[in-house]
Structure formats: C-alpha cells, structure tokens
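Dear colleague,

I am passing a structure on to you, and you will find the sequence and the model just below. Once you have looked it over, please read the notes that follow.

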Amino acid sequence: GELVPRFDFHVAFEWGHRLVAGSVSLLFTGLAVAVLRSPDLRAVAGRPLAVAALLLAVQVVLGGLTVLHLLASWTVTAHLVTGNAFALALLCTGLALRDHARGLGPEPAFVSKGVRALVTSAAALLAVQLVLGGLVSSRYAGLACPDWPACEAGVWFPSFEGAVGLQILHRMNGYVLAAALAATALAARAIPGLARPAFAAAGLVGLQIAAGVANVLLGVPVEITALHSALAAGLVLTVTCCVR
C-alpha cells in the first residue's frame, strides 16, 4: 500500500519520466517569459506559443488521468497524440523565431497542386496513424502474452474484429503512409526547402516500420517500444516542416 515500496528499475523509470516532464514544463515557462517580454517576438511567435502552452497543460492532466484510470484506452491515446501535438507547436514556435532572427519569412517555393496534395495526404495519414498507434498500445498495455499481438488461442489473425483487426489496420495505414511519403520525396526532390524534410520523413517512416515489426517479433521490449515512439515524434516534426 505504499507509493514507492522500493526504488527499482520500474519505479525509477516512472519517476524519471515525471522529472523530465517537469523539466520540460520549467524550460517551456522560461521560453514563454522570454518571448512574451518582447513585443516583436510576441507578435511573431505568440500564437504557436499559446497553443503549445495549452497542449502542455492538457498533457500534464492526461498523464495523471492515465495513471488514475489504469492505462485506459482513451487516456493513453490522448496522451500520445497530445504529446506529439505539443512537439509540433514547439517546432512551429522555434521556426517562427528563427525566421524573425534572420529577418526573413519562410523560403519562397512554387509548389504544384499535386505536391501539395501529397504533403496534405501524408500529414492526414500520419495523424490517423498516431491515433491508431495509441489505441493499439493501450490495448496491449500491461499484458504479458507470448503470442502478442494475437493473444487469442495462439492464432495470429483469428478475425478482423477487436484488437487484432485494429493491429492490422494500424499496419496497413503505416504502409500507405510510407508510400505517400516516398511519393512526396520523389515529387519534391527539386523543390528548395521541401526536398530535405521530405526525404528525412521518408527515411524515418522506413525505420518506423522496421521498429514496429521488431517490436512484435521481440515481444514488445521497452527499448524497441521507446524507439518506436521516438521515431513517431520525429515523423511528426519532419512532416510538419514539409507542410510548412
């Protein structure tokens, strides 16, 4: 009945997570104060900074609810999506401040409607993939099952219903996302400012698929799961740069 009966790996991991989260909040507060003190910076980056502040507050609340509701599906999924949205808003704030420091706006680029459609489709598929990933993760959180992700009669795909169907949908959407990002990279290879993040996103989604497959084959070890989440965050940031 004690909160911290022993300071073993699992307990230390949880407290380390909270410590990093608190540090992020303090650093973000410092950034906000620095920006808000300057009228020029406030005009340039005030809006994305306000969005980031709201997302950070929601993220802190969701972290508590995830614990209190014992990894409920909606809390795990919302926590994952909100965390990536916070990273996105923070990136937009940083890019706005960078452009202001250079005295420039975003680099001009004449992008065709086809490339715009590809980038938009990839961003939409990525948003869907994050939600599906959160739902899959929450479905299997805390389970010790040698036949993951089936966990039903030792059969890999007993049906397309329930958790297994959700897992298949997550995988198929991941492959479609990879195709969309590869097509975007090829179409944008000659466009200044877009080619680099497009190729980075295409490379990251390849690594993400490999990490997802390894995660299942190796029985969901914490190291591979953490890598999988980190690659997802990297995808969010690179695709955001493409959209911008």
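**What was found**

From the N terminus on, the elements of the protein chain run α-α-α-α-α-α-α, which is to say seven helices and zero strands. Please keep in mind while reading that this is a predicted model.

Of the 244 residues in the protein chain, 33% count as buried, and the chain exposes about 14300 Å², with carbon and sulfur atoms supplying 71% of that area. Among contacts between residues at least 6 apart in sequence, 66% join residues at least 24 apart.

The structure holds two salt bridges, and Arg 98, Asp 99 and Arg 244 are linked by them in a network. Asp 99 meets the side chain of Arg 98 at 3.2 Å, N to O, while the closest N and O atoms of Arg 244 and Asp 99 are 2.4 Å apart. Because Arg 244 lies in the segment after helix H7 (222-243) and Asp 99 in helix H3 (residues 73-102), this pair ties together parts that are 145 residues apart in sequence. Asp 99 is buried, with a relative accessible area of 6%, whereas Arg 98, at 35%, and Arg 244, at 41%, count as partly exposed.

In helix H4 (residues 113-140) you will find Gln 129, which counts as buried because its relative accessibility is 13%, under the 20% cut-off. The side chain of Gln 129 makes a polar contact of 2.9 Å with that of Asn 173, and, leaving aside residues up to four places away in sequence, Gln 129 touches His 170, Asn 173, Gly 174 and Leu 177.

Key:
Residues numbered from 1 in each chain as written. Predicted model: local features only at pLDDT ≥ 70, side-chain atom pairs only at ≥ 80, totals over all residues. Heavy atoms only, no water. Helix = DSSP H or I, 4+ residues; strand = E, 2+ residues; numbered from the N terminus. Buried < 20%, exposed > 50% of the residue type's maximum accessible area, 1.4 Å probe, protein only. Contact = heavy atoms within 4.5 Å. Areas by Shrake-Rupley, 256 points an atom, 1.4 Å probe, with all protein chains shown as cover. Polar contact = N/O pair within 3.5 Å; in protein donor to acceptor, adjacent residues only side chain to side chain. Salt bridge = Lys/Arg side-chain N within 4 Å of Asp/Glu carboxyl O.
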